[in-house]
Amino acid sequence: MRNVWAIVKKELKIYFSSPTAYIISALFVLITGFMFYVMVSNFSILSVQAGNNPYFSSRLNLNQYVYSPFFSNAAIILLLLLPVLTMRLFAEEKRQHTDELLFTLPLTNTQIILGKYIASLVVLLVMIVATVPYAFYPFFLTKPELAPVLTGYLGIFLLGAAFIAFGLFASSLTENQIVAAVFSFGILLLLWLIYWLTYVSSFLKGFLKYISFFSHFDNLARGVVDTSDLVFYISFAFVGLFLTYAILEVRRWWR
Amino acid sequence: MIRTENLTKFYGEIRAVYRLNMEVPEGTILGFLGPNGAGKTTTMRMLTGYTTPSFGKAEIVGIEIQKEPIKAKRLIGYLPEVPPLYPELKVRSFLEFVGQVKGLRGKELKNRIEEVVEKTGLEKVADRLIRNISKGYRQRVGIAQAILADPKVLILDEPTIGLDPKEIVEIRQLIKSLAGKRTVILSTHILQEVTSICDTIAIINEGRLIEFGKIEEIEKKYGSASLEEIYISAISKEVKA
């Protein structure tokens with residue numbers, strides 16, 4: 001455990017000694033904040049317009065019109081940014097030849113992977129927590145439901161955790177950071193959109209819906225916690241970490 | 001003590017190291033010689049557990065590195081060919097990371113870091129980012145991390161490469177002073193380095209071990225030739241398949 005902690009510390013020092021983590025977090029807060037502002041403004045215009053229509057105004061709901069789309073959009077921003085956060089994790093070790101230290105220190109591959117994974121989760125957490133000040137601002141003005149907001153946050157954290165696990169795997173495949181980022185972004189995007197197929201064909205409908213990020217995220221963004229969605233994200237992350245482990249084990253024979 | 005048994009590494013069809021057998025007793029400073037591409041680095045990588053041999057085995061103080069990698073790696077200090085440094089870290093926090101992983105804690109860790117910083121002459125740069133220090137200093141940080149946890153076995157791949165003459169002398173003295181109970185393997189192209197620090201040499205060519213033994217014994221075998229002559233005649237021998 002101490003070894004894992006030593007790696008977490010090292011990775012965080014590297015993250016925060018270069019601009020990468022700052023830029024990614026700042027962009028995330030900026031873009032999601034912008035979206036949130038637009039959605040809240042739009043909602044207030046709608047509310048004014050609905051003022052003399054009691055039926056419509058009773059249907060207006062901040063959770064449904066602001067928070068749910070906000071989390072869906074934040075998820076897309078994570079899809080764009082997280083591959084950049086994870087691209088250096090193993091690729092850069094190889095390029096800088098520090099892997100020759102890392103893999104000759106008394107560390108197991110599991111410790112190395114967990115250390116790197118946890119460090120990236122910490123950065124993700126920082127990014128997400130940084131959105132709290134504005135995202136909770138409407139609570140001072142009106143009374144949205146709290147529970148769906150919290151599940152939305154849980155949703156983007158789990159989604160991010162799954163993205164990071166896959167990004168870690170992509171980074172273990174190459175010593176080129178760009179290749180790692182493009183690969184993880186491409187595959188994650190494909191997995192996001194794969195449910196589109198269910199619109200045009202019933203082939204493997206259930207399966208495609210199951211492996212698509214989108215269909216699982218939709219529930220959480222709407223405030224519906226379904227265990228199967230949580231299980232999906234956690235198993236996806238687990239598969240990503242396991243594939244990374246397999247690559248590291250195989251690499252030992254080939255370097 | 002380091003022992004290898006039929007240590008072999010293939011990269012596809014290419015035979016990097018083939019059936020390498022040697023036994024390096026405790027306290028030896030072994031000079032590992034051979035032309036570029038002879039298999040020196042690959043051998044060192046197998047000894048340190050970075051690469052897995054195709055077959056054969058390597059033992060570090062009686063512990064087989066493939067079977068108990070963590071236990072064996074705790075006993076090894078390793079400086080690869082390219083010093084493995086994180087440019088984003090400060091020298092001191094880099095050494096902290098290595099020390100923590102090697103099991104040093106709290107005060108002991110601090111004291112050991114101070115000790116190796118002094119020994120390797122890093123006082124001036126200890127609080128600077130590795131990115132900003134010169135090549136010579138980087139090499140020293142590489143050596144500092146290798147000796148940090150007082151390892152029983154020290155494996156140095158061309159430790160004096162890229163250093164200026166004064167630094168070379170200092171590092172050689174340092175390596176010499178580290179011997180004693182430790183076993184040191186160092187690879188080099190500078191034969192003079194071997195005569196000044198090592199007591200034993202191994203000459204390797206095309207992945208095969210050609211000569212191995214105490215310097216005096218090998219010199220005797222070659223009729224008191226100089227090390228240069230021994231080296232040239234050893235590597236020009238036909239390598240048996």
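Guide: Gladly! Two strands pair if DSSP finds at least two bridges between them. Keep in mind that this is a predicted model.

Visitor: What makes β9 and β10 of chain B a pair?

Guide: Strand β9 (residues 200–205) and β10 of chain B share 6 bridges in the antiparallel sense. The requirement is at least two bridges, so they count as paired. Within this pair, Ile203(B) has Glu211(B) in β10(B) as its bridge partner.

Visitor: What is the order of the strands in the open sheet of chain B?

Guide: The 6 strands run β6-β7-β8-β3-β9-β10 in chain B, with mixed pairing. From one strand to the next, the twist averages 15 degrees.

Visitor: Why are β6 and β10 of chain B called edge strands?

Guide: Because β6 (76–79) and β10 (208–214) of chain B each pair on one side only.

Visitor: Which helices lie across these strands?

Guide: Helix α5 (residues 135–147) of chain B lies across β6 and β7, at about 170 degrees to β6(B). Helix α9 (residues 227–235) of chain B lies across β3 (29–33), β9 and β10, at about 35 degrees to β9(B).

Visitor: How is chain B divided into domains?

Guide: Domain 1 of chain B takes in 1–75 + 153–241, and domain 2 covers 83–151. Their contact takes 14 residues from domain 1 and 12 residues from domain 2 of chain B. On the domain 1 side, α6(B) gives the largest share, 5 residues.

Technical notes. Residues numbered from 1 in each chain as written. Chains lettered and ligands numbered in written order. Predicted model: local features only at pLDDT ≥ 70, side-chain atom pairs only at ≥ 80, totals over all residues. Domains from an automatic or database assignment. Contact = placed C-beta atoms within 7 Å. Helix = DSSP H or I, 4+ residues; strand = E, 2+ residues; numbered from the N terminus. Axes fitted to C-alpha atoms, helices over the stretch in contact; angles between N-to-C directions.
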